[in-house]
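Welcome! The report below walks through it piece by piece.

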Amino acid sequence: MFRRLFTVATLAVAAPAWADLPVAITYLRLEVDRPPVLSNLDPVPEDLGLAGAEIAVKDTQTTGSFLGHGYSLTVVSVPPEGDFPAAAREVLKTSRLILIDADPAAILSVADLPQAQDALLFNVSSGAESLRSADCRANLLHTIPEDAARTDALMQVLQRKQWQTTVLITGPKPADLAFAEALRRSATKFGITIAAEKEWTFDTDLRDSTMDEVPRFTQDFPDHDVILVADETDDFGRYVEHNSWLPRPVAGSDGMVPTAWSPVIESWGAVQLQNRFEAHAHRPMRGQDYAAWAAVRAIGEAVTRTNANDPATLRAFLLDPAFQMDGFKGRGLSFRAWNGQLRQPIAVVNARALVTLAPVEGFLHQRNEMDTLGLDAPESACTAFKDPA
Amino acid sequence: MIRALTLCLLAAPAMADEIWVTNEKDDTISVIDTETLEVIRTIPTGERPRGITFSHDFSRVYICASDSDTVQVMDPATGEVLHDLPSGEDPEQFVLHPDDRHLWIANEDDAVTTVVDVDTRKVVAQINVGIEPEGMGVSRDGSIVVTTSETTNMAHWIDTATHQIIANTLVDSRPRHAEFTDTELWVSSEVGGTVTVFDIATKAEKAKIRFEIPGVNKDLIQPVGFEFTPDHSTAFVALGPSNHVAVVNMQTYQVETYILVGRRVWHLAFNRDHSQLFTTNGVSGDVTVIDVASRTALKSIKVGRFPWGAAFRPTE
C-alpha cells in the first residue's frame with residue numbers, strides 16, 4: 001500500500017564495493033502538476049534538478065574512488081497527492097543526506113520531522129524568502145538562490161546601465177506574485193523606479209494576436225527604459241518582447257533573465273560542466289539542475305576534506321567561514337552563516353549570451369561582494385543558525 | 001655587392017628571440033619579437049589552442065588544439081603544421097618529458113592523462129585521473145609526472161616507468177598548474193586562491209602560499225600559471241582576474257610584491273636571459289612585458305583574442 005505512494009530508484013553510480021566510507025544521498029522530490037502554458041516550445045524537463053545531482057555524484061565518485069569513499073544516489077519521487085512526510089520518514093531510515101525538490105511547505109514538513117533533526121537537508125528548488133528568514137531551519141541549507149538574489153542581480157545590471165525607470169507586468173499565479181514582490185524589493189534596494197504596474201489578465205490564445213493585443217496592453221504605460229515581467233511559469237512572458245508599444249527591452253522572467261545557471265555560461269571552466277551535463281542528460285543545464293549539482297558537490301567536498309559521512313561533521317565543515325568550493329562561476333562558493341544559503345554569483349543572461357555575472361563591479365560589500373545579492377544578515381530574521389552560546 | 005648585403009640584412013634582421021603565444025579564441029599563435037616587443041608573425045592553428053611547448057632543440061613546436069581534439073606538431077620556422085599527434089579528447093595542457101620523446105597530455109573532458117610517443121606518433125598509455133585534468137608537471141629526473149584535476153582537487157603522482165599512480169594528494173579548489181624543483185612540487189589552486197608546496201620525497205605538504213592585494217577582493221585572486229627563475233630563488237605567479245602577478249620568495253614562501261598586468265592573467269614565459277617575463281592576459285587580449293630586475297611592467301603588446309599559453313623560442 002505504502003509503496004504505491006512513491007517510486008524509488010537507486011542509481012548505479014560507480015561506488016566501489018570496497019568503499020571504506022559510504023555516503024548515501026537521497027533526492028526526494030514532490031512531483032507537481034504543472035499548469036498549462038500558452039506555448040509548449042520549452043517544456044519543463046522530467047529530470048529537472050535530478051540530472052544535476054546525477055552528474056555531480058558521478059564527478060564526486062571519481063574523487064571518492066581515490067580516497068575509498070563510495071557515493072550513492074537514491075531517488076524518491078512522490079506524486080502530487082502523495083504523503084510527502086511519510087515518504088521522508090522512510091528515507092530518513094537509510095539516508096541522512098537529502099536533497100529536497102518541493103514547495104516551501106513540503107520542505108518544512110520534512111525539516112520539522114523529529115527523525116530529520118540530525119539529518120542534513122538541502123533545498124534545491126525553492127527561492128522563497130521565508131525559508132531564508134523567519135522560516136529557516138538549522139538542518140536545512142539552500143543551494144538554489146533565493147528569488148531576492150536573482151532580482152538583486154537584475155537590478156544591479158539595470159542600475160549599472162542607468163536604465164532606472166521600469167514598468168512591471170505580473171502574472172496571476174502565486175509564483176508570479178512572489179517574484180513581482182522580489183522585484184519591487186530589489187528595485188527599492190538598488191534605486192530603480194517601477195513607474196507603473198499591470199496585471200496580466202488575458203485568457204485568450206495570444207499566439208495569433210500578439211501584434212494586436214500586446215501593443216494596446218502596454219500603450220498606457222508611462223515612459224520607461226525597461227519592461228519587467230513576472231511570469232515564473234513561463235506562460236506569457238515570451239510574447240511581450242518586440243510586441244510592446246514602445247521599443248523597450250524586457251527583463252525579469254523573460255528577456256534578460258537572472259538565473260543560477262544557464263547554457264550560455266562558458267567561462268571559468270563552465271564549458272566542461274556543460275559538456276558533461278549534456279552528454280548525461282541530453283539537454284542544456286538549467287538553474288535547478290545547478291542547485292542540485294551544487295548540493296551534491298558541497299557534500300562531496302565536505303566528505304573529501306573531513307573523511308567523514310555524518311551530517312553533523314559535514315554541516316560544521318560547510319558552515320565554517322573557511323569553506324570554499326568551485327562552482328564554475330569564477331568565484332568560490334560558500335554558505336552564509338546566518339541562514340544556510342549558498343553564496344554564489346548570479347548569471348544575468350539573454351537567450352543567446354551572458355550579459356554579466358553579478359555581483360556587478362562597483363557594488364561593494366564589507367564582507368563579500370556576493371552578499372550584495374539576496375538576504376544579507378541584517379535583512380534575515382533567521383535565528384536557527386545562531387550559536388546557542 | 002654592398003647593396004645585396006644590405007638587402008639581405010633587411011630581409012633577415014638581427015636574430016632576435018621570440019615568445020610564442022596561443023590565442024584561445026582566435027585559433028592563432030602570435031609571435032612576439034623579444035627585442036622590438038612587437039608581434040612579427042601570426043600563425044593559424046587548430047581550434048582553441050592552449051598549451052604550447054617546444055622540443056628540446058626547438059625544431060618542433062607542440063600545440064594543444066583543444067577543440068580539434070589533437071596536438072599539432074608545427075615547424076616553427078615555416079609555421080607549417082607537419083602532422084597531428086593522437087592526443088585523446090580535449091587536450092588542454094601537456095608537458096614534454098626530459099627524454100624529449102614523450103608528451104604527457106591532460107585530456108580535460110575525459111578524466112585521463114595520455115602519454116604519446118612523438119616519434120612513433122602512438123599512444124603509449126592512458127591513465128585514469130580525476131575530473132578535468134589540467135596542470136601537468138614532470139620531475140627534473142623524469143621519474144614522476146603530476147596531473148592536477150580541477151574538479152577532483154587532487155595532484156595525481158604518476159610513475160613514468162610503470163604509468164601507475166603512486167599517490168594522490170588533495171590540494172585546494174580547482175588546481176590549474178604544476179611545476180617541480182629538485183625537491184619540491186608546486187601546485188596552484190585557482191578558486192582556493194593558494195599555491196601548495198609539496199616535498200617530493202614524502203609527498204607531504206610543506207608550505208601553503210596565500211595572496212593578498214590591497215583593494216582587490218579576495219575571491220578575485222586566483223593563482224593559475226607560474227614560472228621559476230633558473231636559480232629557484234623567485235617564483236612569478238599569475239593571479240587571474242586580480243590582474244596581478246605575485247613575486248614569491250622560494251625560500252621563505254613569502255610574497256615580496258605584486259605587479260599590475262593586463263586583465264585575467266593566465267600564463268608566463270621568460271626571455272633568453274630571464275631579464276624579461278611575458279604574461280598572457282586573456283580578457284584584455286594582450287601580453288604584458290615585465291622587467292624582472294625592477295619588477296615593473298614595461299609594455300603591453302596587443303595579440304589575438306584570449307591569449308592563453310606562452311613559450312620561449314631562441315632563433316639562433
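## A strand covered on both sides

In strand S9 of chain A, both faces are covered: A:Val226, A:Leu228 and A:Ala230 are buried on one side, and A:Ile227 and A:Val229 are buried on the other. Please keep in mind that this is a predicted model. S9(A) runs over residues 226–230, and five of its five residues are buried, so the strand is largely enclosed by the rest of the structure.

S9(A) also has partners. Strand S7 of chain A, residues 165–170, pairs with S9(A) in the parallel sense. Here A:Val167 has A:Ile227 as its bridge partner. Strand S10 of chain A, residues 250–252, pairs with S9(A) in the parallel sense too, and there A:Val229 has A:Gly252 as its bridge partner.

| Strands | Sense | Bridges |
|---|---|---|
| S7(A) and S9(A) | parallel | five bridges |
| S9(A) and S10(A) | parallel | three bridges |
| S2(B) and S3(B) | antiparallel | six bridges |

## A helix and its neighbour

Now look for helix H8 of chain A, residues 287–306. How far does H8(A) reach from its first C-alpha to its last? The helix has 20 residues and reaches 28 Å, close to the 28 Å expected at 1.5 Å a residue. H8(A) is mostly covered, with 18 of its 20 residues buried. Just after the helix comes A:Asn307, which takes a positive phi of about 55°.

Helix H9 of chain A spans residues 311–319, and its axis comes within 9 Å of the axis of H8(A), crossing at roughly 105°. That makes H8(A) roughly perpendicular to H9(A). Which residues bring the two helices into contact? From H8(A) they are A:Ala298, A:Ile299, A:Ala302, A:Val303, A:Arg305 and A:Thr306, and these meet A:Thr313, A:Leu314, A:Phe317 and A:Leu318 of H9(A). Sorted by class, the residues of this contact are seven nonpolar, two polar and one charged.

## An open sheet in chain B

Over in chain B, four strands form an open sheet in the order S3-S2-S1-S28, with antiparallel pairing. Its edge strands are S3(B), residues 38–44, and S28(B), residues 307–313, each of which pairs on one side only. From one strand to the next, the twist averages 25°. Strand S2 of chain B covers residues 28–33 and pairs with S3(B).

## A glycine in a loop

Is B:Gly88 buried or exposed? This glycine is found in the loop between strand S7 (80–85) and strand S8 (91–96) of chain B. The cut-off for buried is 20 or more other C-beta atoms within 10 Å. B:Gly88 has 22 of them within 10 Å, so B:Gly88 is buried.

Leaving aside neighbours within four places in sequence, B:Gly88 is in contact with B:Ile105, B:Asn107, B:Asp110, B:Val112, B:Thr114 and B:Gln126. For another distance to check on your screen, B:Gly88 and B:Glu24 are 64 residues apart in sequence and 19 Å apart in space, C-alpha to C-alpha.

## Where the chains meet

Finally, how many residues does each chain bring to the contact? Chain B gives 20 residues and chain A gives 15 residues. On the side of chain B that touches chain A, there are six nonpolar, eight polar and six charged residues.

Methods. Residues are numbered from 1 along each chain as its sequence is written. Chains are lettered from A and ligands numbered from 1 in the order in which they are written. This is a predicted model: local features need pLDDT of at least 70, side-chain atom pairs count only at pLDDT 80 or more; totals for chains, interfaces and linings use all residues. Two residues are in contact if their C-beta atoms, placed from the backbone, lie within 7 Å. Ala, Val, Leu, Ile, Met, Phe, Trp, Tyr, Cys and Pro count as nonpolar, Asp, Glu, Lys and Arg as charged, and the others, Gly among them, as polar. The expected span of a helix is 1.5 Å times one less than its number of residues. A residue is buried if 20 or more other C-beta atoms lie within 10 Å of its own, exposed if 12 or fewer, and partly exposed in between; C-beta atoms are placed from the backbone. Axes are lines fitted to C-alpha atoms, for helices over the stretch in contact, and angles run from 0 to 180 degrees between N-to-C directions. Angles under 35 degrees count as roughly parallel, over 145 as roughly antiparallel, 65 to 115 as roughly perpendicular and the rest as oblique. Two strands pair if DSSP finds at least two bridges between them.
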